[in-house]
Amino acid sequence: MLLTITSTHQPASDLSYLLHKHPDKVHEIEISSGVAHVFYPEVSETRCTACLLLDIDPVALVRRSSGPRGNDFALEQYVNDRPYVASSFMSAAIVKAFSTAMNGRCKDKPELVTIPMPLEVELAAIPVRGGEAVVKELFEPLGYTIHLQRHPVDPKFPEWGESRYFTLRLTNTVTVQQLLSHLYILIPVCDNDKHYWIGQHEIEKLLEKGKDWLPAHPAREFITMRYLKHQRSLATQALEILLKDEVSEDNEEEKEMEPEQKIKVHDLRLQAVRDELVKANAKTVVDLGCGEGKLLRLLLAENQFERILGMDVSYRSLEIAKDKLKLDKLAPKQRERIELIQGSLMYRDHRIGGFDAAALVEVIEHLDEARLATLEKIIFKYAKPVDVVITTPNAEYNRRFPNFEQGQMRHSDHRFEWTRAEFQQWGNRLAEQYNYSVVYKPVGEEDPEVGALTQMAIFTIRS
Ligand code: SAH
(Lines give C-alpha, C1' and ligand atoms only; values in the text may rest on other atoms or scores of the structure.)
Protein backbone atom coordinates (compact mmCIF):
# COMPACT_ATOMS: atom_id res chain seq x y z
CA MET A 1 0.00 0.00 0.00
CA LEU A 2 1.40 3.30 -1.12
CA LEU A 3 0.88 6.92 -0.10
CA THR A 4 2.87 9.67 -1.78
CA ILE A 5 3.05 13.30 -0.75
CA THR A 6 4.52 15.77 -3.21
CA SER A 7 5.44 19.38 -2.50
CA THR A 8 6.13 22.04 -5.09
CA HIS A 9 6.75 24.71 -2.50
CA GLN A 10 10.17 26.28 -3.15
CA PRO A 11 12.56 24.89 -2.12
CA ALA A 12 10.58 21.70 -2.38
CA SER A 13 13.15 19.75 -0.38
CA ASP A 14 11.84 21.52 2.72
CA LEU A 15 9.30 18.71 2.79
CA SER A 16 11.93 16.41 4.21
CA TYR A 17 12.53 18.77 7.14
CA LEU A 18 8.82 18.97 7.79
CA LEU A 19 8.38 15.22 7.68
CA HIS A 20 11.47 14.82 9.81
CA LYS A 21 12.86 12.16 7.49
CA HIS A 22 16.16 12.56 5.71
CA PRO A 23 15.75 12.35 1.93
CA ASP A 24 18.91 10.30 1.34
CA LYS A 25 17.82 7.39 3.47
CA VAL A 26 15.18 4.71 3.46
CA HIS A 27 13.48 4.73 6.84
CA GLU A 28 11.90 1.69 8.36
CA ILE A 29 9.21 2.11 10.98
CA GLU A 30 7.68 -0.80 12.76
CA ILE A 31 3.94 -0.72 13.25
CA SER A 32 1.81 -3.25 15.04
CA SER A 33 0.64 -4.87 11.83
CA GLY A 34 3.87 -4.85 9.86
CA VAL A 35 6.47 -2.38 8.63
CA ALA A 36 6.22 1.07 7.10
CA HIS A 37 8.97 2.39 4.83
CA VAL A 38 9.54 6.06 4.10
CA PHE A 39 11.67 7.11 1.16
CA TYR A 40 11.92 9.84 -1.45
CA PRO A 41 11.60 8.81 -5.09
CA GLU A 42 12.12 12.41 -6.15
CA VAL A 43 13.95 15.35 -4.54
CA SER A 44 14.75 18.60 -6.30
CA GLU A 45 14.41 22.28 -5.57
CA THR A 46 11.12 22.41 -7.48
CA ARG A 47 9.52 19.07 -6.63
CA CYS A 48 9.92 16.67 -3.77
CA THR A 49 7.98 13.47 -3.20
CA ALA A 50 7.92 11.39 -0.04
CA CYS A 51 6.51 7.92 -0.15
CA LEU A 52 5.05 5.91 2.69
CA LEU A 53 4.94 2.25 1.79
CA LEU A 54 3.03 -0.04 4.05
CA ASP A 55 3.98 -3.65 4.22
CA ILE A 56 1.30 -5.39 6.23
CA ASP A 57 1.76 -8.89 7.49
CA PRO A 58 -1.60 -10.67 7.03
CA VAL A 59 -0.64 -13.43 9.45
CA ALA A 60 0.25 -10.93 12.15
CA LEU A 61 -3.13 -9.31 11.57
CA VAL A 62 -4.95 -12.52 12.31
CA ARG A 63 -2.86 -13.18 15.40
CA ARG A 64 -3.61 -9.75 16.74
CA SER A 65 -7.32 -9.77 16.18
CA SER A 66 -9.46 -10.98 19.05
CA GLY A 67 -11.99 -12.87 16.97
CA PRO A 68 -12.69 -13.96 13.43
CA ARG A 69 -13.21 -11.01 11.12
CA GLY A 70 -15.94 -12.47 9.02
CA ASN A 71 -17.81 -15.68 8.67
CA ASP A 72 -18.04 -15.93 4.90
CA PHE A 73 -15.23 -18.37 4.42
CA ALA A 74 -12.46 -19.65 6.58
CA LEU A 75 -9.65 -18.08 4.64
CA GLU A 76 -11.12 -14.60 4.77
CA GLN A 77 -9.12 -13.73 7.80
CA TYR A 78 -5.95 -14.37 5.80
CA VAL A 79 -7.12 -13.40 2.35
CA ASN A 80 -8.60 -9.92 2.40
CA ASP A 81 -7.91 -6.47 1.06
CA ARG A 82 -6.27 -5.07 4.16
CA PRO A 83 -2.63 -5.43 3.08
CA TYR A 84 -3.32 -3.75 -0.25
CA VAL A 85 -5.47 -0.74 0.50
CA ALA A 86 -5.36 2.47 2.49
CA SER A 87 -7.24 1.91 5.70
CA SER A 88 -6.87 2.66 9.38
CA PHE A 89 -3.53 0.84 9.18
CA MET A 90 -2.38 3.68 6.99
CA SER A 91 -3.53 6.16 9.62
CA ALA A 92 -1.62 4.26 12.27
CA ALA A 93 1.48 4.36 10.05
CA ILE A 94 1.08 8.10 9.35
CA VAL A 95 0.95 8.85 13.04
CA LYS A 96 3.96 6.72 13.81
CA ALA A 97 6.13 7.74 10.85
CA PHE A 98 5.28 11.44 10.90
CA SER A 99 4.52 12.11 14.56
CA THR A 100 6.71 15.22 14.72
CA ALA A 101 4.97 16.77 11.72
CA MET A 102 1.55 15.83 13.03
CA ASN A 103 2.32 17.55 16.29
CA GLY A 104 3.23 20.70 14.40
CA ARG A 105 6.92 20.63 15.19
CA CYS A 106 9.96 21.02 12.98
CA LYS A 107 13.28 21.04 14.75
CA ASP A 108 15.52 22.53 12.09
CA LYS A 109 13.11 24.88 10.36
CA PRO A 110 10.29 25.66 12.79
CA GLU A 111 9.07 28.55 10.63
CA LEU A 112 7.89 26.05 7.98
CA VAL A 113 5.24 24.52 10.16
CA THR A 114 2.64 27.22 9.66
CA ILE A 115 3.24 27.78 5.94
CA PRO A 116 0.50 26.46 3.63
CA MET A 117 2.19 24.74 0.69
CA PRO A 118 0.99 23.38 -2.62
CA LEU A 119 0.79 19.67 -1.87
CA GLU A 120 -0.33 16.67 -3.85
CA VAL A 121 -1.26 13.34 -2.36
CA GLU A 122 -1.79 10.04 -4.05
CA LEU A 123 -3.28 6.96 -2.48
CA ALA A 124 -2.72 4.03 -4.81
CA ALA A 125 -5.79 2.12 -3.63
CA ILE A 126 -8.45 3.24 -1.23
CA PRO A 127 -11.79 1.54 -0.64
CA VAL A 128 -14.59 4.07 -0.44
CA ARG A 129 -17.95 3.06 0.83
CA GLY A 130 -20.33 5.42 -0.99
CA GLY A 131 -17.96 6.10 -3.87
CA GLU A 132 -17.14 9.41 -5.46
CA ALA A 133 -19.90 11.37 -3.72
CA VAL A 134 -18.46 10.52 -0.33
CA VAL A 135 -14.93 11.50 -1.34
CA LYS A 136 -16.26 14.85 -2.49
CA GLU A 137 -18.29 15.38 0.63
CA LEU A 138 -15.25 14.73 2.77
CA PHE A 139 -12.44 16.50 0.95
CA GLU A 140 -14.01 19.35 -1.01
CA PRO A 141 -15.02 21.45 2.01
CA LEU A 142 -11.38 21.33 3.09
CA GLY A 143 -10.34 22.87 -0.22
CA TYR A 144 -9.01 19.80 -2.02
CA THR A 145 -9.16 19.28 -5.73
CA ILE A 146 -10.02 15.65 -6.28
CA HIS A 147 -8.98 13.30 -9.00
CA LEU A 148 -10.46 9.82 -8.72
CA GLN A 149 -9.99 6.74 -10.76
CA ARG A 150 -12.32 3.86 -10.03
CA HIS A 151 -11.05 0.34 -10.58
CA PRO A 152 -13.11 -2.47 -12.11
CA VAL A 153 -13.53 -5.69 -10.17
CA ASP A 154 -11.42 -7.39 -12.83
CA PRO A 155 -10.16 -5.62 -15.96
CA LYS A 156 -10.43 -8.89 -17.89
CA PHE A 157 -14.13 -9.18 -17.13
CA PRO A 158 -15.62 -5.71 -17.54
CA GLU A 159 -19.10 -7.18 -17.17
CA TRP A 160 -18.35 -7.77 -13.48
CA GLY A 161 -18.58 -4.02 -13.02
CA GLU A 162 -16.83 -1.54 -10.80
CA SER A 163 -15.21 -2.25 -7.46
CA ARG A 164 -15.19 0.02 -4.43
CA TYR A 165 -11.48 0.68 -4.89
CA PHE A 166 -10.13 3.95 -6.16
CA THR A 167 -6.85 5.60 -6.90
CA LEU A 168 -7.22 8.96 -5.25
CA ARG A 169 -5.23 12.05 -6.02
CA LEU A 170 -5.75 15.19 -3.97
CA THR A 171 -4.21 18.62 -4.35
CA ASN A 172 -4.46 21.52 -1.96
CA THR A 173 -2.49 24.37 -0.45
CA VAL A 174 -2.32 23.57 3.24
CA THR A 175 0.27 23.05 5.93
CA VAL A 176 1.79 19.60 6.13
CA GLN A 177 0.28 19.20 9.59
CA GLN A 178 -3.20 19.95 8.26
CA LEU A 179 -2.75 17.56 5.38
CA LEU A 180 -1.68 14.73 7.67
CA SER A 181 -4.51 15.33 10.12
CA HIS A 182 -7.03 15.28 7.26
CA LEU A 183 -5.66 12.00 5.93
CA TYR A 184 -5.40 10.49 9.37
CA ILE A 185 -9.11 10.90 10.01
CA LEU A 186 -10.60 10.73 6.53
CA ILE A 187 -8.85 7.60 5.18
CA PRO A 188 -10.61 5.31 7.68
CA VAL A 189 -13.81 7.30 7.19
CA CYS A 190 -13.72 6.49 3.44
CA ASP A 191 -13.00 2.86 4.16
CA ASN A 192 -15.62 2.66 6.92
CA ASP A 193 -13.88 -0.20 8.68
CA LYS A 194 -11.47 -0.05 11.54
CA HIS A 195 -8.98 -2.56 12.68
CA TYR A 196 -8.97 -1.90 16.36
CA TRP A 197 -11.41 -1.68 19.17
CA ILE A 198 -13.27 1.58 19.29
CA GLY A 199 -13.52 3.14 22.70
CA GLN A 200 -13.21 6.31 24.68
CA HIS A 201 -9.65 6.70 23.51
CA GLU A 202 -10.80 7.02 19.91
CA ILE A 203 -12.81 10.08 20.79
CA GLU A 204 -9.71 11.73 22.13
CA LYS A 205 -7.81 10.93 18.96
CA LEU A 206 -10.57 12.24 16.75
CA LEU A 207 -10.90 15.43 18.70
CA GLU A 208 -7.22 16.00 18.96
CA LYS A 209 -6.44 15.45 15.29
CA GLY A 210 -9.60 17.18 14.09
CA LYS A 211 -9.69 20.08 16.50
CA ASP A 212 -8.81 22.77 13.97
CA TRP A 213 -11.15 21.75 11.18
CA LEU A 214 -13.71 19.17 12.18
CA PRO A 215 -16.04 21.45 14.17
CA ALA A 216 -16.63 23.59 11.07
CA HIS A 217 -16.78 20.73 8.55
CA PRO A 218 -20.26 20.41 7.01
CA ALA A 219 -20.01 16.60 7.18
CA ARG A 220 -18.81 16.52 10.77
CA GLU A 221 -21.69 14.29 11.93
CA PHE A 222 -21.06 11.80 9.14
CA ILE A 223 -17.30 11.82 9.78
CA THR A 224 -17.77 11.37 13.50
CA MET A 225 -20.26 8.55 13.08
CA ARG A 226 -18.08 6.65 10.65
CA TYR A 227 -14.86 7.33 12.50
CA LEU A 228 -16.37 5.97 15.68
CA LYS A 229 -17.72 3.08 13.72
CA HIS A 230 -21.36 3.90 14.11
CA GLN A 231 -21.33 3.71 17.86
CA ARG A 232 -23.96 6.29 18.44
CA SER A 233 -23.22 6.98 22.07
CA LEU A 234 -19.54 7.62 21.37
CA ALA A 235 -20.40 9.75 18.37
CA THR A 236 -22.87 11.94 20.22
CA GLN A 237 -20.39 12.33 23.01
CA ALA A 238 -17.72 13.44 20.54
CA LEU A 239 -20.10 15.79 18.79
CA GLU A 240 -21.14 17.39 22.00
CA ILE A 241 -17.52 18.06 22.78
CA LEU A 242 -16.80 19.30 19.26
CA LEU A 243 -19.70 21.66 19.17
CA LYS A 244 -19.41 22.97 22.67
CA ASP A 245 -18.73 26.68 22.67
CA GLU A 246 -15.77 27.77 24.65
CA VAL A 247 -16.73 29.33 27.91
CA SER A 248 -14.47 30.94 30.40
CA GLU A 249 -15.07 31.40 34.06
CA ASP A 250 -14.73 35.17 33.80
CA ASN A 251 -18.15 36.28 34.84
CA GLU A 252 -19.96 39.46 33.88
CA GLU A 253 -20.16 40.43 37.49
CA GLU A 254 -16.44 40.94 37.44
CA LYS A 255 -16.75 43.68 34.86
CA GLU A 256 -18.60 45.63 37.50
CA MET A 257 -15.70 45.53 39.86
CA GLU A 258 -12.39 47.19 40.39
CA PRO A 259 -9.43 45.27 39.00
CA GLU A 260 -8.10 44.16 42.41
CA GLN A 261 -11.53 43.04 43.46
CA LYS A 262 -11.96 41.15 40.20
CA ILE A 263 -8.99 38.94 40.86
CA LYS A 264 -10.06 38.43 44.41
CA VAL A 265 -13.51 37.12 43.66
CA HIS A 266 -12.46 34.07 41.73
CA ASP A 267 -9.39 33.46 43.88
CA LEU A 268 -11.55 33.52 46.93
CA ARG A 269 -13.81 30.83 45.51
CA LEU A 270 -10.88 28.66 44.59
CA GLN A 271 -9.22 29.07 47.95
CA ALA A 272 -12.46 28.23 49.71
CA VAL A 273 -12.79 25.04 47.69
CA ARG A 274 -9.17 24.10 48.26
CA ASP A 275 -9.59 24.62 52.01
CA GLU A 276 -12.60 22.32 52.05
CA LEU A 277 -10.68 19.64 50.15
CA VAL A 278 -7.77 19.93 52.55
CA LYS A 279 -10.13 19.71 55.52
CA ALA A 280 -11.81 16.67 54.04
CA ASN A 281 -8.44 14.94 54.16
CA ALA A 282 -8.71 13.96 50.53
CA LYS A 283 -5.65 12.43 48.93
CA THR A 284 -7.08 12.07 45.46
CA VAL A 285 -9.13 14.82 43.84
CA VAL A 286 -10.88 15.29 40.53
CA ASP A 287 -11.69 18.81 39.35
CA LEU A 288 -14.69 18.48 37.06
CA GLY A 289 -14.95 21.31 34.55
CA CYS A 290 -11.43 22.37 35.50
CA GLY A 291 -11.30 25.05 32.78
CA GLU A 292 -7.90 26.64 32.57
CA GLY A 293 -6.69 24.85 35.67
CA LYS A 294 -6.78 27.57 38.31
CA LEU A 295 -7.93 25.25 41.07
CA LEU A 296 -5.50 22.59 39.90
CA ARG A 297 -2.65 24.99 40.51
CA LEU A 298 -3.71 25.53 44.11
CA LEU A 299 -4.09 21.80 44.60
CA LEU A 300 -0.64 21.06 43.21
CA ALA A 301 0.85 23.31 45.86
CA GLU A 302 -0.56 21.08 48.60
CA ASN A 303 1.41 17.90 49.16
CA GLN A 304 -1.61 16.31 50.74
CA PHE A 305 -3.02 15.70 47.27
CA GLU A 306 -1.28 12.71 45.79
CA ARG A 307 -3.38 12.39 42.68
CA ILE A 308 -5.06 15.29 40.93
CA LEU A 309 -7.20 14.89 37.84
CA GLY A 310 -8.58 17.79 35.82
CA MET A 311 -11.40 17.09 33.40
CA ASP A 312 -13.07 19.45 30.99
CA VAL A 313 -15.15 19.19 27.88
CA SER A 314 -13.20 21.96 26.18
CA TYR A 315 -9.99 20.89 24.50
CA ARG A 316 -8.80 24.45 24.24
CA SER A 317 -9.22 25.11 27.93
CA LEU A 318 -7.20 22.00 28.66
CA GLU A 319 -4.43 23.16 26.38
CA ILE A 320 -4.35 26.48 28.18
CA ALA A 321 -4.33 24.64 31.51
CA LYS A 322 -1.41 22.53 30.35
CA ASP A 323 0.53 25.65 29.42
CA LYS A 324 -0.35 27.61 32.52
CA LEU A 325 0.51 24.75 34.84
CA LYS A 326 3.74 24.25 32.86
CA LEU A 327 3.12 20.52 32.93
CA ASP A 328 5.96 19.89 30.49
CA LYS A 329 8.43 21.46 32.87
CA LEU A 330 7.35 19.82 36.11
CA ALA A 331 9.78 17.50 37.85
CA PRO A 332 8.80 13.88 37.18
CA LYS A 333 7.56 13.34 40.73
CA GLN A 334 5.26 16.34 40.52
CA ARG A 335 4.20 15.47 36.97
CA GLU A 336 3.03 12.07 38.13
CA ARG A 337 0.58 13.68 40.54
CA ILE A 338 -1.49 15.45 37.91
CA GLU A 339 -3.35 14.48 34.79
CA LEU A 340 -5.69 16.35 32.44
CA ILE A 341 -8.38 14.60 30.46
CA GLN A 342 -11.04 15.65 28.06
CA GLY A 343 -14.49 14.39 28.87
CA SER A 344 -18.06 15.38 29.38
CA LEU A 345 -20.04 15.33 32.58
CA MET A 346 -22.96 14.14 30.52
CA TYR A 347 -21.51 10.65 30.15
CA ARG A 348 -20.59 7.95 32.56
CA ASP A 349 -16.83 7.78 32.63
CA HIS A 350 -14.80 5.28 34.64
CA ARG A 351 -11.84 7.66 34.66
CA ILE A 352 -13.51 9.91 37.22
CA GLY A 353 -14.42 7.06 39.55
CA GLY A 354 -12.68 6.15 42.80
CA PHE A 355 -11.60 9.62 43.96
CA ASP A 356 -11.67 10.83 47.55
CA ALA A 357 -13.11 14.14 46.46
CA ALA A 358 -14.54 16.00 43.48
CA ALA A 359 -14.83 19.73 42.88
CA LEU A 360 -17.18 21.57 40.55
CA VAL A 361 -16.33 25.24 40.64
CA GLU A 362 -18.76 27.43 38.70
CA VAL A 363 -19.73 24.57 36.40
CA ILE A 364 -23.32 23.49 37.09
CA GLU A 365 -24.81 26.78 35.95
CA HIS A 366 -23.34 26.14 32.48
CA LEU A 367 -25.60 23.11 31.99
CA ASP A 368 -29.25 23.22 31.04
CA GLU A 369 -31.31 22.51 34.11
CA ALA A 370 -32.78 19.48 32.38
CA ARG A 371 -29.31 17.99 32.02
CA LEU A 372 -28.46 18.42 35.67
CA ALA A 373 -30.29 15.17 36.32
CA THR A 374 -27.70 13.40 34.20
CA LEU A 375 -24.81 15.16 35.90
CA GLU A 376 -26.21 14.20 39.30
CA LYS A 377 -26.17 10.54 38.40
CA ILE A 378 -22.73 10.68 36.81
CA ILE A 379 -21.26 12.14 39.97
CA PHE A 380 -23.31 10.88 42.87
CA LYS A 381 -24.41 7.50 41.60
CA TYR A 382 -21.45 6.35 39.48
CA ALA A 383 -18.26 8.29 40.30
CA LYS A 384 -19.22 8.46 43.98
CA PRO A 385 -16.42 10.50 45.54
CA VAL A 386 -16.42 10.62 49.34
CA ASP A 387 -16.68 14.42 49.25
CA VAL A 388 -18.10 16.71 46.58
CA VAL A 389 -17.62 20.48 46.70
CA ILE A 390 -19.83 22.54 44.40
CA THR A 391 -19.91 26.30 43.94
CA THR A 392 -22.37 28.37 41.95
CA PRO A 393 -23.42 32.04 41.85
CA ASN A 394 -25.90 33.26 44.41
CA ALA A 395 -28.51 34.97 42.24
CA GLU A 396 -29.77 37.08 45.12
CA TYR A 397 -26.50 38.96 45.15
CA ASN A 398 -27.00 40.22 41.57
CA ARG A 399 -29.14 42.99 42.95
CA ARG A 400 -26.02 44.55 44.35
CA PHE A 401 -24.54 45.14 40.89
CA PRO A 402 -25.55 48.67 39.92
CA ASN A 403 -25.82 48.04 36.18
CA PHE A 404 -27.57 44.70 36.29
CA GLU A 405 -31.10 44.45 35.03
CA GLN A 406 -33.70 42.33 36.72
CA GLY A 407 -33.11 38.68 35.79
CA GLN A 408 -29.78 39.34 34.09
CA MET A 409 -27.17 36.65 34.61
CA ARG A 410 -23.48 37.00 35.24
CA HIS A 411 -22.28 35.20 32.15
CA SER A 412 -23.81 34.75 28.71
CA ASP A 413 -23.32 30.97 28.92
CA HIS A 414 -25.08 30.60 32.27
CA ARG A 415 -28.27 28.61 31.90
CA PHE A 416 -29.58 29.49 35.35
CA GLU A 417 -28.53 31.20 38.52
CA TRP A 418 -30.05 30.09 41.79
CA THR A 419 -31.07 31.79 44.97
CA ARG A 420 -29.78 30.24 48.17
CA ALA A 421 -33.11 28.53 48.73
CA GLU A 422 -33.08 27.01 45.23
CA PHE A 423 -29.53 25.73 45.56
CA GLN A 424 -30.26 24.20 48.94
CA GLN A 425 -33.43 22.60 47.76
CA TRP A 426 -31.47 20.94 44.96
CA GLY A 427 -28.62 19.94 47.26
CA ASN A 428 -30.88 18.53 49.94
CA ARG A 429 -32.72 16.41 47.43
CA LEU A 430 -29.44 15.06 46.06
CA ALA A 431 -28.08 14.31 49.50
CA GLU A 432 -31.21 12.44 50.41
CA GLN A 433 -31.38 10.50 47.17
CA TYR A 434 -27.74 9.41 47.06
CA ASN A 435 -27.10 9.06 50.77
CA TYR A 436 -24.83 12.02 51.38
CA SER A 437 -24.87 14.69 54.07
CA VAL A 438 -24.58 18.29 52.96
CA VAL A 439 -23.64 21.67 54.43
CA TYR A 440 -23.77 25.08 52.74
CA LYS A 441 -21.34 27.92 53.11
CA PRO A 442 -21.15 31.43 51.73
CA VAL A 443 -18.00 32.37 49.83
CA GLY A 444 -16.90 35.96 50.23
CA GLU A 445 -18.30 38.65 52.41
CA GLU A 446 -21.88 38.05 53.43
CA ASP A 447 -24.42 40.77 52.84
CA PRO A 448 -27.06 40.57 55.59
CA GLU A 449 -29.86 40.73 53.09
CA VAL A 450 -28.75 38.98 49.93
CA GLY A 451 -25.96 36.75 51.23
CA ALA A 452 -22.54 36.26 49.63
CA LEU A 453 -21.57 36.48 45.97
CA THR A 454 -20.98 32.76 45.69
CA GLN A 455 -22.58 29.80 47.39
CA MET A 456 -20.90 26.50 48.12
CA ALA A 457 -22.21 23.06 49.05
CA ILE A 458 -20.06 20.38 50.62
CA PHE A 459 -21.41 16.85 50.32
CA THR A 460 -20.01 13.93 52.28
CA ILE A 461 -21.00 10.35 51.75
CA ARG A 462 -22.72 8.66 54.69
CA SER A 463 -20.94 5.51 55.68
N1 SAH B 1 -13.84 25.36 37.25
C2 SAH B 1 -13.14 26.35 36.44
C3 SAH B 1 -13.89 26.72 35.16
C4 SAH B 1 -15.31 27.19 35.29
S5 SAH B 1 -16.06 27.64 33.74
C6 SAH B 1 -12.84 27.56 37.26
O7 SAH B 1 -13.57 27.82 38.22
O8 SAH B 1 -11.89 28.26 36.99
C9 SAH B 1 -17.02 26.20 33.39
C10 SAH B 1 -16.24 25.06 32.80
O11 SAH B 1 -17.09 23.93 32.68
C12 SAH B 1 -15.71 25.36 31.40
O13 SAH B 1 -14.33 25.11 31.38
C14 SAH B 1 -16.48 24.38 30.53
O15 SAH B 1 -15.74 23.94 29.42
C16 SAH B 1 -16.80 23.27 31.49
N17 SAH B 1 -17.96 22.45 31.07
C18 SAH B 1 -19.15 22.87 30.59
N19 SAH B 1 -19.95 21.83 30.30
C20 SAH B 1 -19.24 20.71 30.61
C21 SAH B 1 -19.51 19.31 30.52
N22 SAH B 1 -20.67 18.84 30.07
N23 SAH B 1 -18.55 18.44 30.91
C24 SAH B 1 -17.36 18.91 31.39
N25 SAH B 1 -17.05 20.21 31.48
C26 SAH B 1 -17.97 21.11 31.10
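## Strand 9 and its partners

Ile 308 stands opposite Ile 338 in strand 10. This is a predicted model. Strand 9 and strand 10 (residues 338–342) run parallel and share 5 bridges. Strand 8 (residues 284–288) is also parallel to strand 9, again joined by 5 bridges. There, Thr 284 has Arg 307 as its bridge partner.

Strand 8, helix 11 (residues 294–300) and strand 9 build a right-handed β-α-β unit. Strand 9 (residues 307–312) is largely enclosed by the rest of the structure, because 5 of its 6 residues are buried.

At the strand 13 end, pairing is antiparallel: strand 13 and strand 14 share 8 bridges. One of these pairs Val 443 with Thr 454 in strand 14.

## Gln 455

Gln 455 sits in strand 14 (residues 454–461). Its relative accessibility is 5%, so Gln 455 counts as buried. The side chain of Gln 455 reaches the backbone oxygen of Thr 419 at 3.4 Å.

Leaving out residues up to four places away in sequence, Gln 455 touches Ile 390, Thr 391, Thr 392, Pro 393 and Asn 394, among others. Its contacts also include Trp 418, Thr 419, Arg 420, Phe 423 and Lys 441.

## Around the ligand

There are 19 residues around the ligand. His 266, Gly 289, Asp 312, Leu 345 and Val 361 come nearest.

A polar side-chain atom of His 266 lies 3.0 Å from a ligand oxygen. For Asp 312, an N or O atom in the side chain is 2.5 Å from an oxygen atom of the ligand. Val 313 uses its backbone: an N or O atom there lies 3.4 Å from a nitrogen atom of the ligand.

Another open sheet holds 7 strands, in the order 2-3-4-1-5-7-6, with antiparallel pairing. Its edge strands are strand 2 (27–31) and strand 6 (145–152), each pairing on one side only. The twist averages 15° from one strand to the next.

Strand 1 (residues 2–7) and strand 5 (residues 117–127) are antiparallel, with 5 bridges between them. Leu 3 has Leu 123 of strand 5 as its bridge partner. Helix 6 (residues 176–191) packs on this sheet and touches strand 1, strand 5 and strand 7 (162–174). The direction of helix 6 makes about 20° with that of strand 5.

## Helix 3

Helix 3 (residues 88–97) lies across strand 1, strand 2, strand 3 (34–43) and strand 4 (48–56). The helix runs at about 125° to strand 4.

Helix 3 is mostly covered, with 7 of its 10 residues buried. Those buried are Ser 88, Phe 89, Met 90, Ser 91, Ala 93, Ile 94 and Ala 97.

How values were computed. Residues numbered from 1 in each chain as written. Predicted model: local features only at pLDDT ≥ 70, side-chain atom pairs only at ≥ 80, totals over all residues. Heavy atoms only, no water. Pairing = 2+ DSSP bridges. Helix = DSSP H or I, 4+ residues; strand = E, 2+ residues; numbered from the N terminus. Axes fitted to C-alpha atoms, helices over the stretch in contact; angles between N-to-C directions. Contact = heavy atoms within 4.5 Å. Buried < 20%, exposed > 50% of the residue type's maximum accessible area, 1.4 Å probe, protein only. Right-handed = clockwise from strand over helix to strand, strands pointing away. Polar contact = N/O pair within 3.5 Å; in protein donor to acceptor, adjacent residues only side chain to side chain. Near = heavy atom within 4 Å.
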